[in-house]
Amino acid sequence: MNTNQIINMIFRMFLRKSISRGMNKGFDMLDARQQRNAPDTPKNPDAAKRNEKQGRDASRRARQGMRVVRRLGKF
């Protein structure tokens with residue numbers, strides 16, 4: 001393995017990490033924006049917890065979807 005390949009490998013590792021962090025930060029910001037624009041929490045605490053859980057689940061699914069897209073993009 002020559003030095004050029006090693007440098008490229010290290011550069012790709014850092015680039016992959018930074019893109020991943022950027023995507024996660026973007027999803028977190030989107031989630032925070034949706035929560036800020038959401039109507040007031042319902043008077044029923046169970047409904048509020050359910051809404052919170054749905055938001056977390058949606059952001060988790062979005063992250064998983066982006067991982068799948070990145071994996072498919074490698075081919």
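Author: Buried means under 20% relative accessible area, exposed means over 50%, and partly exposed is in between. Bear in mind that this is a predicted model.

Reader: Fine. Is S59 buried or exposed, then?

Author: S59 has a relative accessible area of 15%, which is under 20%, so S59 counts as buried.

Reader: Which helix is S59 in?

Author: S59 sits in helix α2.

Reader: And what does the side chain of S59 reach?

Author: The backbone oxygen of R56, at 2.9 Å.

Reader: Switching to charges. How many salt bridges are there in the whole structure?

Author: The search finds 2 salt bridges. As background, side chains of opposite charge can pair when their charged atoms come close.

Reader: Start with R60. What is the partner of R60?

Author: R60 forms a salt bridge with D57, and the closest N and O atoms are 3.0 Å apart.

Reader: How are R60 and D57 placed along the helix?

Author: R60 and D57 are 3 residues apart in helix α2, which means about one helical turn separates them.

Reader: Is D57 buried or exposed?

Author: D57 is buried, with a relative accessible area of 17%. R60 is partly exposed, at 46%.

Reader: And the other bridge, what does R63 pair with?

Author: The side chain of R63 meets that of D28, at 2.2 Å from N to O. That pair links distant parts of the chain: R63 belongs to helix α2 and D28 to helix α1, 35 residues apart.

Reader: What is the relative accessible area of D28?

Author: It is 40% for D28, so D28 counts as partly exposed.

Reader: New topic: the second largest pocket. How much space lies in it?

Author: About 290 Å³ lies in the second largest pocket.

Reader: Which elements give two or more residues to the lining of that pocket?

Author: Helices α1 (3–37) and α2 (45–73) do. The most comes from α1, with 8 residues.

Reader: How many residues line the pocket, and which lie nearest its centre?

Author: The lining has 14 residues, and R16, S20, R67, R70 and K74 lie nearest the centre.

Reader: How does the lining divide into nonpolar, polar and charged?

Author: There are 7 charged, 5 nonpolar and 2 polar residues in the lining of the second largest pocket.

Definitions and conventions:
Residues numbered from 1 in each chain as written. Predicted model: local features only at pLDDT ≥ 70, side-chain atom pairs only at ≥ 80, totals over all residues. Heavy atoms only, no water. 1 Å grid on protein atoms, 1.4 Å probe; cavity = no way out; pocket = protein on both sides within 12 Å on 5 of 7 lines; lining within 4 Å. Points joined across faces, edges and corners; volume = space filled by probe spheres on them. Helix = DSSP H or I, 4+ residues; strand = E, 2+ residues; numbered from the N terminus. Nonpolar A, V, L, I, M, F, W, Y, C, P; charged D, E, K, R; others polar. Salt bridge = Lys/Arg side-chain N within 4 Å of Asp/Glu carboxyl O. Buried < 20%, exposed > 50% of the residue type's maximum accessible area, 1.4 Å probe, protein only. Polar contact = N/O pair within 3.5 Å; in protein donor to acceptor, adjacent residues only side chain to side chain.
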